[in-house]
Amino acid sequence: ETENVLDCQFSGRNFVENSQKVCLPGYIASEEDDLLRTKDSGTKQNSGAYIFRPKTPDEKLNLLPPSDSFFVYESELVMEIHVQFSNWVTQITRVYAFRNDVEVEFIAGPIPDDDGNGRELVTRFTSSISNEKKFYTDSNGREFVERQVGYRPSWNLSEETQPIAGNYYPVNTAIFIEDDFASLALLTDRSQGGSSLSNGSIELMVHRRTKADDSRGVGEALDETDEGMTPYPPYGKNQRKGKGVVVRGSHRIIVGGGNEGASCARKAMDEIFSPVHLFFASAPSSLSFDIFARNSFSLIKASLPKNVMLITFAKLDADKFLIRLGHQYALNEDINLSQNVDVDLALLFPKNQIVFFVEKTLTGNQSKQNWKSKKLNWSSSHGHDMKNSRALTAITSAGNTISLKPMEIRTFEIELQNNSSAPKSNGYNYSPYWWILGIISIISITFFSAGFCKRKDRFQLLLSEEKDDNNNGNDVRLLS
């Protein structure tokens, strides 16, 4: 149990833009251009599609004031708190009775630009965690990478010219901070920029609107609107139409014990990345479906281990499947779940028997053994043989059971038993219509064969008569 209180605040990082002469593709602006350009005061670099650059290197967040009123909706399953910030950001906080996390949904936009300034919207979460300028971000949903404000592990950062932009990192799925007493993890529903610029805080950039090109090839400002833009010259003036776009997203907050940030995040990362898709349909009341009367339904024998995810389940042929399994935890992230784990592949096929399976490469285009036999045997700078390194160490399979190391993903091609006396053993029953179609096909082939035989007999008969009319039998005409 932790007693950290989270303080969620939305804010806009304001960017004042300097007026100057500008060249954009398609036209040359007049010298007294009244367009404003987002520039920082030091390097004169615009903030745009590729560059994040505050007005000043240590620009402070301009917090948006919350409205005086808020709304609370409560039921047995969930409690929602709706708060309006300024007049263009809405935050909905949800606390579920059956989950140990907090969901924060945001609706942001249109970002105002009446004053000609660009703004980049950031949501900041603060806690009492003492993370000492260290935080962790995921690398494309896999390994977590340690980040430290004002520090680079591969070179000496003697002078930090951009203390804000220089400490923002990509967050694909999760970011967390921790100390010896508590952990705070934030999970995103899309890739965002994030950082921990002050002790105990995490901030994520959720929306941007700039008024200038950053001179990195796009040739226009990052100013998306709901009505698009006019054509470029000579067919138009390439001007934006309508209001700024509105974005909607969510963050999931998870609080855990000391040094448990990675473990807390791992539990929900894959769930957010690959959520359950719900489909609904209607049917006449006269029809009865047994499956709808069940409280639960599963296509596997039993649940997979808690640290294993079924990534791919693809049918290759009538009796062949491509299976890809992944270990969800890395080393030292969890005392129990960061260990090697055994998985019985038979769990995935409760109604069929596995005849044969072979491990494939990650992409599934060749066998793993074939790939290893062709791999170049080379030595590292330390002089040891890379073929014997841990990265290429194979874990043998016993029966239908395979083993997964932390963060390992393995791909298998599995062949099931072919029961010739019954429909193919893929768990599906063939419709009677297929049997009817097969019978019709057989009858059609029979009639065609009979007609062809009669036609062949007629051809041979006419050919014989023609030979009788000619004594030497050399003048033969083909009759159709």
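Mentor: Let's start with a definition: a residue counts as buried when its relative accessible area is under 20%, and as exposed when it is over 50%. Keep in mind that this is a predicted model.

Trainee: Thanks! Why is Asp 223 called buried?

Mentor: Asp 223 has a relative accessibility of 8%. The cut-off is under 20%, so the residue counts as buried.

Trainee: What makes Asp 223 and Arg 209 a salt bridge?

Mentor: Their closest N and O atoms are 2.5 Å apart. The rule asks for a side-chain nitrogen of Lys or Arg within 4 Å of a carboxyl oxygen of Asp or Glu, so this pair qualifies. Arg 209 lies in strand β18, while Asp 223 sits in the loop between β18 and β19, 14 residues apart. Arg 209 is buried too, at 8% relative accessibility.

Trainee: Which salt bridge does Asp 223 form with a Lys?

Mentor: Asp 223 also meets Lys 211, at 2.8 Å from N to O. Both belong to the loop between β18 and β19, twelve residues apart.

Trainee: How do you know that Lys 211 is buried?

Mentor: Its value is 19%. Since the limit is under 20%, Lys 211 counts as buried.

Trainee: And why is Glu 271 called partly exposed?

Mentor: Glu 271 has a relative accessible area of 44%.

Trainee: How many salt bridges does the rule give?

Mentor: The count comes to 23. Some residues are linked in a network, including Glu 80, Arg 94, Arg 252 and Glu 271.

Note on methods:
Residues are numbered from 1 along each chain as its sequence is written. This is a predicted model: local features need pLDDT of at least 70, side-chain atom pairs count only at pLDDT 80 or more; totals for chains, interfaces and linings use all residues. Side-chain values use heavy atoms; hydrogens and water are left out. Helices (H or I, at least four residues) and strands (E, at least two) are DSSP runs, numbered from the N terminus. Buried means under 20% relative accessible area, exposed over 50%, partly exposed in between (1.4 Å probe, protein chains only).
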